[in-house]
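Please keep the sequence and the structure in view while reading.

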Amino acid sequence: MPMKHPAKTISDALRESRLFLARHKIPDANLATEIILAHVLKSYRTYLYRNFYKRLSLRQLSVYNKLTQQHIKGKPISRITGKKEFMSLPFIINRHVLSPRPETELVAEEALRLIQSYPADKLIILDIGTGSGNIAVSVAKLCQNRHLHVFASDTSAQALKIARQNARINGVEKLITFCKGDLFRAFKPFRLGHKADFILTNPPYITPCEYKKLPNSVLKYDPKHALYAKDDGLYYHKQIMEKASRYLRQNGYLLMEMGMGQCENLKKLAAESYNPNQIKILRDYNDIPRMLSIRYN
């Protein structure tokens, strides 16, 4: 007869798994255990604190232990829960989209800052390579008291499906048109030449050499096409800069995320086509050059 596991409370399960994760040197063990258990119980983390002594069923405990083991083996929390926060907004993710990174918030934050003083009453924004829709949805959601419409593109039909769901979750589905296609070709049917006020993008920029050295938590769970770029990681940046001037209005902005060590090369490339005085580099919260801003005039 199989041995029965003793019933455990939420408090017991959290305490044991915290010690387990700590022994395996998993960072943020407290937070990880709470997020995973809240996910298993289909609740919020606050529920755990209000129900510390509630007993878990054997099934709940089994699922919780299984997911905790997956995290120890390198599966990111966001891939376990299928959820990731970006700009303090909820996003669902799956294997078809890149898990949004905190550094990408710089693109959305700078766009929102510039929009506040932008002269046009109605804005058209292009988001190239939208993935989960994190940039497009965040800007549409957080841009208060402005009339705007976002055109968000991706080559992946599966990614666009997730992006549409995220637009609905955040209540901005009427403000975003999702377009399937590569780079600017996705926007061709909409005749947006010289009509865009902002072009926003987090293009793939990981070099072939860097890609091989990525941790398994990235290699196994993030789609390669959302990370890897040839030409020293600058292939998509070059393509976008080359064609952006055909879509931007006078005094419109191109905001592009970039990787470590790409700053000087991108500045030189940008200066070949745009006014050097209108090219800026913004640093992320770790003081790393992270975003290229170009004002087209």
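## Charge and overall form

The chain carries 48 positive and 25 negative side chains, and the centres of these two sets lie 8 Å apart. In this count Lys and Arg are positive and Asp and Glu are negative, while His and the chain ends are not counted. The place of a charge is taken as NZ of Lys, CZ of Arg, CG of Asp or CD of Glu.

The model is predicted: local features need pLDDT of at least 70 and side-chain atom pairs count only at pLDDT 80 or more, whereas totals for chains, interfaces and linings use all residues. Residues are numbered from 1 along each chain as its sequence is written, and side-chain values use heavy atoms, with hydrogens and water left out.

The chain contains twelve helices and eleven strands; these are DSSP runs, numbered from the N terminus, with helices being H or I of at least four residues and strands being E of at least two. Its C-alpha trace spans about 75 × 40 × 30 Å along the principal axes.

## Surface and interior

The accessible surface of the chain comes to about 16100 Å², and 51% of it belongs to carbon and sulfur atoms. Accessible areas come from the Shrake-Rupley method with a 1.4 Å probe; for residues, only the protein chains shown count as cover. Of the 297 residues, 49% count as buried. A residue is buried under 20% relative accessible area, exposed over 50%, and partly exposed in between (1.4 Å probe, protein chains only).

Among the contacts (heavy atoms within 4.5 Å) with a separation of 6 or more, 70% join residues 24 or more positions apart. Helix H7 (residues 134-142) is largely enclosed by the rest of the structure, because seven of its nine residues are buried. The buried residues of H7 are Asn-134, Ile-135, Ala-136, Val-137, Ser-138, Val-139 and Ala-140.

## Two lysines with positive phi

Most residues other than glycine have a negative phi. Lys-25, however, has a phi near 60°. Lys-25 is found in the loop between helix H1 (10-23) and helix H2 (29-40), and it is exposed, with a relative accessible area of 75%.

Lys-42 also has a positive phi, near 55°. Its place is the loop between H2 and helix H3 (45-50), and at 78% relative accessibility Lys-42 counts as exposed.

## A buried glutamate

Glu-257 lies in strand S9 (residues 248-257).

The side chain of Glu-257 does make polar contacts with the side chains of Thr-104 (2.6 Å) and Tyr-205 (2.7 Å). A polar contact is a pair of N or O atoms within 3.5 Å; within protein, one must be able to donate a hydrogen and the other to accept it, and residues adjacent in sequence count only if both atoms are side-chain atoms. Leaving aside neighbours within four places in sequence, Glu-257 is in contact with several residues, including Glu-103, Val-107, His-237 and Met-291.

## An arginine in strand S10

Arg-283 is found in strand S10 (residues 279-283) and is partly exposed, with a relative accessible area of 48%. A polar atom of the Arg-283 side chain lies 2.7 Å from the backbone oxygen of Asp-287.

Not counting residues up to four places away in sequence, Arg-283 touches Leu-106, Ile-288, Pro-289 and Arg-290. The C-alpha atoms of Arg-283 and Glu-103 are separated by 9.4 Å, although these residues are 180 residues apart along the chain.
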